[in-house]
Every structure is written in structure tokens, then in C-alpha cells.
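The following exercises are to be worked with the sequence and the three-dimensional model at hand. Each task is followed by a solution set out in steps.

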Amino acid sequence: MPGFPRFILTGDETEFEGLKKYYPKEKMFLKKPDDQKELFIELQACIKDAEPLRLKRENPAVFEAFDQNKLDVAKETILISVLKNYNESNPAKFKGILADVRELHEEVYRAINKRNKAVVRDSDIKANNSPSFTGSFHKHLEGNPNPADSYKPTTPPYQDSTIAGATKFIHHACSEYVHGTSKTGYQITPYAIRALINSLLEVIIWSKQY
């Protein structure tokens, strides 16, 4: 299975060292109690890692951001947790999921600021290290569109309306429901959770170009 190591278990002790030369990338074990115990430990580790590996295989364009050092690899476990909760239906768990989505969303813009200050300016990052998400911030990313000229950009645009909309959706929804500030008390459903996660994945993919 892609992403998993290969193991070879053999009872041919005389050819063991020779086989290692032909299979340098595989882990080899003899049919002896100690080796078999070690093999079982390795297999248990694979089972433990099975879901993260599956999520990476299913979302290569997203996890590529970590492989390319566009996102801090320390945040990868948060993304895996978010994806594990993609189909969560218990409203009591929504707040934790949204907090993780918000953390990753903000990290995208912090990371861009570190490597490309033309896209995310220092002035767009607040003193607490959070992106400002102000009107000025969004207009800058969209190229300061001129309403008097069919909203054509007047400076280099870095986002189109789709990514800009995804970012605003994530920022407002997560802020509203993490802090419990909904004006109507409306309780979002799993559909909103999945929409927010999908929007986050799209923003991560967008960010790789910068």
C-alpha cells in the first residue's frame, strides 16, 4: 500500500544477509521469536499511522504545502486532526474544530508574510501575530479594485473573489462561533463545518504559489 513500508519475513537464515543486498529499502526479519516480536511492533506502528497516511494520500495537493516548507510542519498534526473530524456531527465538538481551522487559516497568512512581504505586508500582521483581516488587507490582496472602473485592480492582485470569499468566510464564521457571538443564536450544522474545512484546504493550495 502506498505510504507504508515493506517488510520481508524469511526463514532462510543462510541467505538472510544476501537478501538484504537485493532489498535495501525493505526491513527484513527472520522467523525467530525476537525478530517476529520486532516485526509485530513495526506493524502496530503502521496501523497507528494508517489514518494520517490515508489522509495524506487523499489530499496530496494540500499536504504538499508542508513538504515544500510553505507551512510549518509542526502544524501538520492540526490539519490531520481537522480532516479526521470532517464528518463530525456532534455540535459539542464544533468549537474545537473551528479553533483548529482558524489557527491553520491564520498560519497560512503568517507564513506568506515571512516569505513574501509583497503579498502579506508587515502592516497586515497585528502585534499579537494574527493577520488583521481588515478591509484594507482584503482590498490589497484583491488588487485595490476601482469601483469607478468596473472594479478593475489598480495594484497587483493576489486573490480572486473565490479565494477572498473563502478567507472572509473562514475568518467570520470561526470568530463568530469560537467566541459565541452569533447575533441570532443560530447553531451551524455539519454542512458548515465541512464547507469551512473545504475552504481552508483551498486557501492552503492557493498559498503555495507565494
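A salt bridge is here a side-chain nitrogen of Lys or Arg within 4 Å of a carboxyl oxygen of Asp or Glu. The structure is a predicted model, and a search of the whole of it finds 13 salt bridges.

**Exercise 1.** Determine whether Glu-142 and Lys-168 meet the salt-bridge criterion, and state which parts of the chain the pair ties together.

Solution. 
Step 1. The closest N and O atoms of Glu-142 and Lys-168 are 3.6 Å apart. The cut-off is 4 Å, so the pair forms a salt bridge.
Step 2. Glu-142 lies in the loop between α7 (135-141) and β3 (145-146), whereas Lys-168 belongs to helix α8 (residues 161-178). The pair therefore ties together parts that are 26 residues apart in sequence.
Step 3. Glu-142 has a relative accessibility of 23% and counts as partly exposed. Lys-168, with a relative accessible area of 31%, is also partly exposed.

**Exercise 2.** Locate the salt bridge between Glu-26 and Arg-6, and classify each partner as buried or exposed.

Solution. 
Step 1. The side chains of Glu-26 and Arg-6 meet at 2.8 Å, N to O.
Step 2. The relative accessible area of Glu-26 is 17%, and buried means under 20%, so Glu-26 is buried. For Arg-6 the value is 52%, and exposed means over 50%, so Arg-6 is exposed.

**Exercise 3.** Describe the salt bridge of Glu-103 with Lys-75, and name the network to which these residues belong.

Solution. 
Step 1. In the salt bridge between Glu-103 and Lys-75, the closest N and O atoms are 2.5 Å apart.
Step 2. Glu-103 is in helix α6 (residues 94-115) and Lys-75 in the loop between α4 (60-67) and α5 (76-84); the pair links distant parts of the chain, 28 residues apart.
Step 3. Lys-75 counts as buried at 18% relative accessibility, while Glu-103 is partly exposed at 24%.
Step 4. Through salt bridges that share partners, Lys-75 and Glu-103 are joined with Glu-106, Glu-107 and Arg-110 into one network.

**Exercise 4.** Characterise the packing of α4 against α9 by geometry and by residue class.

Solution. 
Step 1. The axes of α4 and helix α9 (residues 190-207) are 9 Å apart, and the helices pack at an angle of about 50 degrees. The two helices are therefore oblique to each other.
Step 2. The crossing of α4 past α9 is left-handed.
Step 3. From α4, Ala-61, Val-62 and Ala-65 meet Leu-201, Ile-204 and Ile-205 of α9. By class, this contact has six nonpolar residues, no polar and no charged ones.

Definitions and conventions
Residues are numbered from 1 along each chain as its sequence is written. This is a predicted model: local features need pLDDT of at least 70, side-chain atom pairs count only at pLDDT 80 or more; totals for chains, interfaces and linings use all residues. Side-chain values use heavy atoms; hydrogens and water are left out. Buried means under 20% relative accessible area, exposed over 50%, partly exposed in between (1.4 Å probe, protein chains only). Helices (H or I, at least four residues) and strands (E, at least two) are DSSP runs, numbered from the N terminus. Axes are lines fitted to C-alpha atoms, for helices over the stretch in contact, and angles run from 0 to 180 degrees between N-to-C directions. Angles under 35 degrees count as roughly parallel, over 145 as roughly antiparallel, 65 to 115 as roughly perpendicular and the rest as oblique. A crossing is left-handed if the near helix is turned anticlockwise from the far one by less than a right angle, and right-handed if clockwise. Contact means heavy atoms within 4.5 Å. Ala, Val, Leu, Ile, Met, Phe, Trp, Tyr, Cys and Pro count as nonpolar, Asp, Glu, Lys and Arg as charged, and the others, Gly among them, as polar.
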